[in-house]
Amino acid sequence: MAPFTSHMSLALAEARAAARRGEVPVGAVVTDPQGRVVAAAGNRTREQNDPTAHAEILAIRAACAALGSERLPGHDLWVTLEPCPMCAGALSAARIARLYYGAADPRMGGVAHGARVFSHPQCHHRPQVYDGLQAAEAQSLLRTFFAARR
């Protein structure tokens, strides 16, 4: 296994790019078991007129396409915001090994808040979860984005 390297800075860059497109600033990165980036994405729900085009879903789709597999065992997902229940379900289905996220999402989160998907008895795969990585920066990006829209 490769030495630990955080990929949250790349996820934050994807979030900033999403904000420039007028999307909610959330970015995600999938890395392989050696720590190499396989896919990266930012939210594109408005651009694609698709409520499922969250950063995590897009990154998982791209990683699966690149690897020719519907599952990503041993892979990690880095995301700037606590995944919603839909995205948490996708992480489970993809067999993501580790989830690293930045800001908590008490309103819409599905990992530590709300549905707590990985704690549900019917969840068939639970990744290791590490929260709070560069959380202040991720939260600041979100606050700035939403303040500009009010």
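Arg21 is partly exposed here, with a relative accessible area of 31%. In this predicted model, Arg21 pairs up with Glu47 in a salt bridge, the closest N and O atoms being 3.6 Å apart. Glu47 sits in the loop between E2 and H2 and Arg21 in the loop between H1 and E1, so the pair ties together parts that are 26 residues apart in sequence. Below is a quick tour of the salt bridges, the helix packing, the hairpin and a few single residues.

**Salt bridges**

- The count comes to five salt bridges.
- Glu47 has a relative accessibility of 45%, so it counts as partly exposed.
- Arg16 and Glu137 also meet through their side chains, in a salt bridge with an N to O distance of 3.2 Å.
- That pair ties together parts that are 121 residues apart in sequence, because Glu137 lies in helix H4 and Arg16 in helix H1.
- Both partners are partly exposed: Glu137 has 37% relative accessibility, and Arg16 has a relative accessible area of 31%.
- Arg36 and Asp32 make another salt bridge with their side chains, at 2.8 Å from N to O.

**H1 against H4**

- Helix H1 covers residues 8-20 and helix H4 covers residues 135-149; the two pack at an angle of about 5 degrees, and their axes are 11 Å apart.
- Angles under 35 degrees count as roughly parallel, so H1 and H4 are roughly parallel to each other.
- On the H1 side, the residues that meet H4 are Leu12, Ala15, Arg16 and Ala19.
- On the H4 side, they are Glu137, Ala138, Leu141 and Phe145.
- Sorted by class, this contact of H1 with H4 has six nonpolar residues, two charged ones and no polar ones.
- Arg16 and Glu137, the salt-bridge pair from above, both belong to this contact.

- Strand E1 (residues 27-31) and strand E2 (residues 37-42) run antiparallel, and five bridges join them.
- Gly27 has Gly42 in E2 as its bridge partner.
- The two strands form a hairpin with five residues between them.
- Gly35, in the turn, has a positive phi of about 90 degrees.
- Gln34 also has its place in the loop between E1 and E2, and at 44% relative accessibility Gln34 counts as partly exposed.
- Gln34 and Phe4 are 30 residues apart in sequence, yet their C-alpha atoms are 9.4 Å apart in space.

**Helix H3 and what it packs on**

- H3 spans residues 85-94, and its buried residues are Cys87, Ala88, Leu91, Ser92 and Ala94.
- Those buried residues pack against three elements: helix H2 (55-67), strand E3 (76-81) and strand E4 (98-103).
- Just after H3 comes Arg95, with a positive phi of about 65 degrees.

**Two buried residues worth a click**

- Ala53 lies in the loop between E2 and H2, and at 0% relative accessibility Ala53 counts as buried.
- Neighbours within four places in sequence aside, Ala53 is in contact with Asn43, Arg44, Thr45, Gln48 and Leu58.
- Ala53 and His125 are 72 residues apart in sequence, and 22 Å separates them in space, C-alpha to C-alpha.
- Gly102 is found in strand E4, and it counts as buried at 2% relative accessibility.
- Leaving aside neighbours within four places in sequence, Gly102 is in contact with Met8, Val79, Thr80, Leu81, Asp131, Gly132, Leu133 and Ala135.
- Gly102 and Met86 are 16 residues apart in sequence but 18 Å apart in space, C-alpha to C-alpha.

Technical notes
Residues numbered from 1 in each chain as written. Predicted model: local features only at pLDDT ≥ 70, side-chain atom pairs only at ≥ 80, totals over all residues. Heavy atoms only, no water. Buried < 20%, exposed > 50% of the residue type's maximum accessible area, 1.4 Å probe, protein only. Helix = DSSP H or I, 4+ residues; strand = E, 2+ residues; numbered from the N terminus. Contact = heavy atoms within 4.5 Å. Pairing = 2+ DSSP bridges. Axes fitted to C-alpha atoms, helices over the stretch in contact; angles between N-to-C directions. Parallel < 35°, antiparallel > 145°, perpendicular 65-115°, else oblique. Nonpolar A, V, L, I, M, F, W, Y, C, P; charged D, E, K, R; others polar. Salt bridge = Lys/Arg side-chain N within 4 Å of Asp/Glu carboxyl O.
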